[in-house]
Amino acid sequence: PTKSGETANMLCKNFPTILPHEQRRGHKEKNFTLIYKCSCPCVLTENFFYDNKEDFELMMSEQGLQQITNLHIAAICDYIDYDKI
């Protein structure tokens, strides 16, 4: 896997713990210019869908926004190996 793929896996790894009642769709690798021209690992996240009522309600709730934020923070901490800082 690419460095970007490994980084995306960090988001996927924490998903079941932080958002246990939501469907995880895994990650896909695409040939986006932003990703392949970037000199560091890069991921684009898609955090649910506005065209789905349940996803919309989750994204608009304070709890849902906090869970999505926590998911990204956990992945960033995993990436920088927070325990070693």
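How many salt bridges does the structure hold? The structure holds 2, where a salt bridge is a side-chain nitrogen of Lys or Arg within 4 Å of a carboxyl oxygen of Asp or Glu.

## About the model

This is a predicted model, in which local features need pLDDT of at least 70 and side-chain atom pairs count only at pLDDT 80 or more, while totals for chains, interfaces and linings use all residues. Residues are numbered from 1 along each chain as its sequence is written, and side-chain values use heavy atoms, with hydrogens and water left out.

## Salt bridges

Let's start with Lys13 and Asp78, whose side chains meet in a salt bridge at 2.9 Å, N to O. This pair links distant parts of the chain: Lys13 sits in helix H1 and Asp78 in helix H4, 65 residues apart. Helices here are DSSP runs (H or I, at least four residues), numbered from the N terminus. Lys13 counts as exposed, at 52% relative accessibility, whereas Asp78 is partly exposed with a relative accessible area of 28%. The terms work like this: buried is under 20% relative accessible area, exposed is over 50%, and partly exposed is in between (1.4 Å probe, protein chains only).

Glu57 and Lys53 also meet through their side chains in a salt bridge, at 3.6 Å, N to O. Both lie in helix H3, 4 residues apart, which is about one turn of the helix. Lys53 is exposed at 58%, and Glu57 is partly exposed at 44% relative accessibility.

## Where H3 meets H4

Helix H3 covers residues 53-60 and helix H4 residues 62-79; their axes come within 4 Å and cross at roughly 85 degrees. Axes are lines fitted to C-alpha atoms, for helices over the stretch in contact, with angles from 0 to 180 degrees between N-to-C directions. H3 and H4 are therefore roughly perpendicular to each other, a label that covers 65 to 115 degrees.

On the H3 side, Leu58, Met59 and Met60 meet Glu62, Gly64, Leu65, Gln67 and Ile68 of H4, contact meaning heavy atoms within 4.5 Å.

## An aromatic pair

The count of aromatic pairs comes to 2, with rings of Phe, Tyr and Trp (its six-membered ring) pairing if their centres lie within 6.5 Å. In one of them, the rings of Phe15 and Phe48 have centres 6.3 Å apart and planes at 40 degrees, so the pair is tilted. Planes under 30 degrees apart would count as stacked and over 60 as edge-to-face, with the rest tilted.

Phe15 belongs to helix H1 (residues 3-18) and Phe48 to the loop between helix H2 (33-36) and H3, 33 residues apart, and the pair links distant parts of the chain. Both Phe15 and Phe48 are buried.

Conventions: Helices (H or I, at least four residues) and strands (E, at least two) are DSSP runs, numbered from the N terminus. Angles under 35 degrees count as roughly parallel, over 145 as roughly antiparallel, 65 to 115 as roughly perpendicular and the rest as oblique.
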